[in-house]
Amino acid sequence: MKFKIEYNISINEFLEMVESVGWETYTEEQVKRALDNTMYMVKVLVNDKLAGIGRVVGDNSIVCILSDVCVKPEYQGKGIGTIIVNRLRELIEENVGVGEKMQIELTPTAGNEAFYQKCGFKYKPEKITGMYLWIKK
Ligand SMILES: CC(C)(COP(=O)(O)OP(=O)(O)OC[C@H]1O[C@@H](n2cnc3c(N)ncnc32)[C@H](O)[C@@H]1OP(=O)(O)O)[C@@H](O)C(=O)NCCC(=O)NCCS
């Protein structure tokens with residue numbers, strides 16, 4: 001399989017991905033606003049076909065949220081989700097200055113905690129219900 005990472009997601013691609021994993025959909029106008037206000041976004045193409053997306057929203061300084069990470073069912077279990085999370089994490093890390101720290105938060109869909117743990121996120125349900133990762137330099 002030939003993977004390619006790109007840094008833009010069109011409205012139609014976003015809706016295609018959301019529908020492929022069975023999430024409730026949005027209006028095109030809403031998706032446009034969301035994408036326009038996104039800090040970082042990536043998509044993975046396999047043999048030039050859309051396989052997965054993910055994005056990060058936040059304040060560009062202290063806190064951000066990993067959002068809409070999804071891989072089409074036929075491409076799941078092939079490492080694409082990990083590529084998406086790692087690339088987004090690298091983009092965040094590149095923009096945290098020396099002496100600064102930034103927290104990446106996420107709310108995992110049920111059953112996917114282990115996936116995010118494998119990507120380095122902390123899961124401590126006895127203390128906090130979401131998952132998080134501090135990027136410190
Ligand atoms: C969750 C999701 C993004 C994972 O993407 P993926 O491409 O299938 O994941 P990967 O192939 O990169 O998996 C990486 C590792 O996590 C593990 N993993 C993936 N999903 C898992 C799960 N639900 N439970 C336990 N482990 C899981 C894989 O087995 C793999 O382990 P390994 O490295 O030991 O082989 C994908 O299943 C998906 O899009 N699901 C539907 C949408 C969704 O719920 N997204 C999450 C929103 S918070």
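Visitor: How far is the polar side-chain atom of T109 from an oxygen atom of the ligand?
Guide: The distance is 2.7 Å, a polar contact being a pair of N or O atoms within 3.5 Å. The model is predicted, so local features need pLDDT of at least 70 and side-chain atom pairs pLDDT 80 or more, while totals for chains, interfaces and linings use all residues. Side-chain values use heavy atoms, without hydrogens and water, and residues are numbered from 1 along each chain as its sequence is written.

Visitor: Which polar backbone atom lies 2.8 Å from an oxygen atom of the ligand?
Guide: That atom belongs to G79. A polar backbone atom of K78 is 3.3 Å from a ligand oxygen.

Visitor: How many residues surround the ligand?
Guide: There are 21, and V71, G81, T82, T109 and N112 are the closest; a residue counts if one of its heavy atoms lies within 4 Å.

Visitor: What is the make-up of that shell by class?
Guide: It has 10 nonpolar, nine polar and two charged residues. Here Ala, Val, Leu, Ile, Met, Phe, Trp, Tyr, Cys and Pro are nonpolar, Asp, Glu, Lys and Arg charged, and the others, Gly among them, polar.

Visitor: Which element gives the largest share of the shell?
Guide: Helix 4 does, with four residues.

Visitor: Changing topic, how many helices and strands has the protein?
Guide: It has four helices and seven strands, taken as DSSP runs (H or I, at least four residues; E, at least two) numbered from the N terminus. Along the sequence, the pattern is β-α-α-β-β-β-α-β-α-β-β.

Conventions. A polar contact is a pair of N or O atoms within 3.5 Å; within protein, one must be able to donate a hydrogen and the other to accept it, and residues adjacent in sequence count only if both atoms are side-chain atoms.
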